[in-house]
Amino acid sequence: MNRLHVRDIAQSVRFYSTPFGAEPARREAGYAKWMLDEPRVNFAISTGGAEGLGHLGIQVEDDAVLAAATFRAKSAAGSVVEETNANCCYAVGDKAWAIDPQGVRWETFHTTADLTVYGVGSDETPAHNAAAASSGCCPAPVAPVKAEACCGGNC
């Protein structure tokens, strides 16, 4: 089980229900839990960046599911930063980045190939955030965030 401590349970339930595409399976005062078959969990650790949470992610299997997940992330967060052909974390893929109400970065992504190096670079789609500048591992945030490190702190 993963658990994130939040400031406002109602605001967070609204946020997470949107990208997950489901309401919580259990909801109590001060508590909500989703039991999802999809998306699957992809958990990675690395050294070289600030300690603590860098970002969380939702991995999808194809472009159509990525488009739907990106739409839901934008609906939840208000804006996203999209990247295509991003070379990051030993993989190539397309991504959309959103920020939750606690300031945690969420990456929705479709991996299209493996890399033998950690990777840098992408073709960012700035239409969603003209001020964002991408390092290729994760873009500039669409709003201030607490966790500055992602992909091992290469941002």
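**Notes on helix α1 and its surroundings**

1. Let's start with α1: this helix covers residues 9-20, twelve residues in total, and spans 16 Å between its first and last C-alpha, close to the 16 Å expected at 1.5 Å a residue. (That expected span is 1.5 Å times one less than the number of residues; helices are DSSP runs of H or I with at least four residues, strands are E runs of at least two, and both are numbered from the N terminus.)

2. Keep in mind that this is a predicted model, with local features needing pLDDT of at least 70, side-chain atom pairs counting only at pLDDT 80 or more, and totals for chains, interfaces and linings using all residues. Residues are numbered from 1 along each chain as its sequence is written, and side-chain values use heavy atoms, leaving out hydrogens and water.

3. After the helix comes G21, which has a positive phi near 70 degrees.

4. Which residues of α1 are buried? They are S12, V13, F15, Y16, S17, P19 and F20, where buried means under 20% relative accessible area (1.4 Å probe, protein chains only). These buried residues pack against β1 (26-28), β2 (31-33), β3 (56-59), α2 (63-77), β5 (91-99) and β6 (105-114).

5. Zooming out, the chain has two helices and seven strands, in the order α-β-β-β-α-β-β-β-β along the sequence. Of its 155 residues, 37% are buried.

6. On contacts (heavy atoms within 4.5 Å): among those between residues at least 6 apart in sequence, 58% join residues at least 24 apart.

Note on methods: Buried < 20%, exposed > 50% of the residue type's maximum accessible area, 1.4 Å probe, protein only.
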